[in-house]
Amino acid sequence: MAGEDLKALGNKAFSSGDYETAIKYFTQAIEQDPTNHVLYSNRSAAFTSLKDYSKALEDAEKTVSIKPDWSKGYSRKGAALHGLQQFREAAEAYKAGLKLEPTNAQMQKALDDAESELSKEGLGGIGKMFGPDVFAKMATNPQLSTFLSQPDVMQKVKEIQANPRNVNMYLNDPRIMQIVMGLMGINANVATPGDFAGADGSEAVPMEEDVKPAPAPTPKSAPPPPKQQEPVPMEEDSTDEEKEKRAKRVESDKAKELGNAEYKKRKFEAALDQYNRAWELDDTNVAVLTNKAAVLFEMKKYEETIKVCDEAVERGRELRVDYKLVSRAFGRAGNAYLQLDDLDNAIKYFNKSLSEHRTPDILNKLREVEKLKKERDELSYQNPELSNEARERGNVHFKDHRYPEAMKEYNEAVKRNPKDARNYSNRAACFIKLMAFPDAEKDCDKAIELDENFVRAYVRKAAIYQFKKDYMKAIDICNLAKEKDVEGKHTKEIDAQIMQAYAGLNEVQTSGNREEITKRAMEDPEVQAVLGDPVMQTILQQMQQDPNAARDHMKNPAVAAKLRILINAGILRVG
C-alpha cells in the first residue's frame, strides 16, 4: 500500500478516535517515507491523544528537525511537553511556532494555557515541602509540635501532601503559614503581626494550647489538574507539488550518497559529478553543497571551496536549514582561507562557524590560527633600532622619576626587540619603583634567561628580595652576581646590596626582646609549617648540637629555603 494511502487511513482512524490504529498506519507510512515531516506530526498527535507524551515528544522533535520552518511541528512539541507538565519548555516551543506563524490563534491559546500553568507552580513548590517526613519535622520543632493535636490543621497538611497545589487554598490560615515558615527554617516569632494576618487583614489569634481551634473553613475544591491540549486535526499536505518535492529529495539524496561513496574512494571528479547532479535535482538539499566543498578542498581548489561554502550559507539562510549545516559551511571556508594563508579571513570564518554551532575541532583551529597571527604580528613589529630608541626614551623618563612614562617606553622596547636582556632589566627597575615586585621578578628572570651573565639583572632581583624582607635569599643572589661579575665592574653595587641585606637581617634579629621576636614569628604560617615539619625538627636539633652541620644542610636547596624562612623571621641567628 502506498504511503499516501496509509496516511489517509491513519487520518481516518484518528478522526474516529481510534488512536492506536492511527499510529499503526502512520508508522507504516513512515517506513516508506522517513523524511515526511507530516507523518511524524500526525503520529505525535495520536500519541498525545493516548497520553503517551514521551513518544509524542520524540515525534514532534523529529518533525522540527526535518522541517524547522513549519510552525505545526512546534505546536506538536508544545502539546507533548505540556502533557509532561514541562510547562516552561512547552511555552518556549509555542513561542518558536508563533514566530513562524504569529496569527495562529490556536497556538496562542495553547501558549496562554502553558504560561497559566507555569504561574501556578510557584506556590505549588512550597507545597512540595510537605513530604512524607513532615510530621516528624513538626514533632521536633517546638513551634510546630502543638499543631499535631489540632485535627483540622492535620487534615489540611494531609491534603497538601496529597496534592502540593492545595497549599494555595490554605495559606490564609496563619497556622499553615507558620508551619510553612517553620519548615523553611524561619523563626515565626520574629515576623511582624501582618505576616500572620487572616484573609480579611485582621490580626491572627496566638496559637496557645488552651485556645480551641477555629471551626474548619468550608472545604474548597482542589485545583483542577493541568489542562491537557486537545488533539489537533491531521494535516493532509499531500498536494502534487509536495509529492514532487519529496520525490526530488529522495533522488537527490541517492545521488549525494553515491558522491559520498566516491569521495571515500578519493575519486574526487566522480564525486563532484554526483554532487552536481544531486544539486540539480533538489536545490534545497544544502548538505550537497557542503559535501561538494569538502571535495574541492581535497582537490586544493580553495577559491572554489570558498565560493561553494558561501553559496551554501546563503541558500541555507533562505531555507532556514539546521544551524549545524551553516556552521559546517563556515568552517570549511575557514579551512580554505587558512590554506591560502589568509589568516584574517580564516579567523573571521571560524568565528562565524562557532557562532552557529560550537565544535571542539573548529575551536582548536581558531586558537591555533589566532596564535599564529599573533606571532606573525609580533615578528613583523620587531625592529632593534627602534627598540634602542624606545629604551633610551624610557631611561630619560626614569631619571626624571616619571615612572609610568618610562614603563610605556620600556614596553615598546620589549615589543620591538624581545631578545634584548637590557629591555627587561630596565623595565624591572621601573616595576620596583612602582612596587610591582612580582612583575619585576619575572622581568629579571627573563633577562637572566636571555643572558645568564647579565649581572645587573641579578642585583635588581636581590633588591626585590630585600623589599620582600627575604634577606638570606637576597644575599644568596648577590653572591651569585659576584660569580658572574668576572671583571669586577659591579663589585661596589653588589657589596652595597649585601650590606643592606645584612642590615635588614640584623634589625629583625635584634629588634625587641627574644620572646617578642619568637611570638611574632610564630604567627607566620610559613614559620609554623617549617617548625611543624618532622624532618626540619631533626635538622634543627642537629644544628643545635653541631653548628657546623648547618653548612651541610644549606647545600640542599629545599632545606636551605626553609632555613632562610626561619632566619628571616629571627628564629635562627647567623654570624
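A search of the whole structure finds 7 aromatic pairs, meaning rings of Phe, Tyr or Trp (its six-membered ring) with centres within 6.5 Å. This is a predicted model, in which local features need pLDDT of at least 70 and side-chain atom pairs count only at pLDDT 80 or more, while totals for chains, interfaces and linings use all residues. Residues are numbered from 1 along each chain as its sequence is written, and side-chain values use heavy atoms, without hydrogens and water.

Select Phe437 and Phe467 to begin. Their rings are stacked, 5.2 Å centre to centre with 25° between the planes; stacked denotes planes under 30 degrees apart, against over 60 for edge-to-face and tilted for the rest. Phe437 belongs to helix H22 (residues 437-450) and Phe467 to helix H23 (residues 455-467), 30 residues apart. Helices here are DSSP runs (H or I, at least four residues), numbered from the N terminus. Phe437 is buried, at 14% relative accessibility, whereas Phe467 is partly exposed at 48%. Buried means under 20% relative accessible area, exposed over 50%, and partly exposed in between (1.4 Å probe, protein chains only).

Next, display Phe330, Tyr337 and Tyr349, which form one aromatic cluster.

At Tyr25, Lys24 lies over the face at 5.1 Å from the ring centre. Such a charge has NZ of Lys or CZ of Arg within 6 Å of the ring centre and within 35 degrees of the ring normal.

Methods: Helix = DSSP H or I, 4+ residues; strand = E, 2+ residues; numbered from the N terminus.
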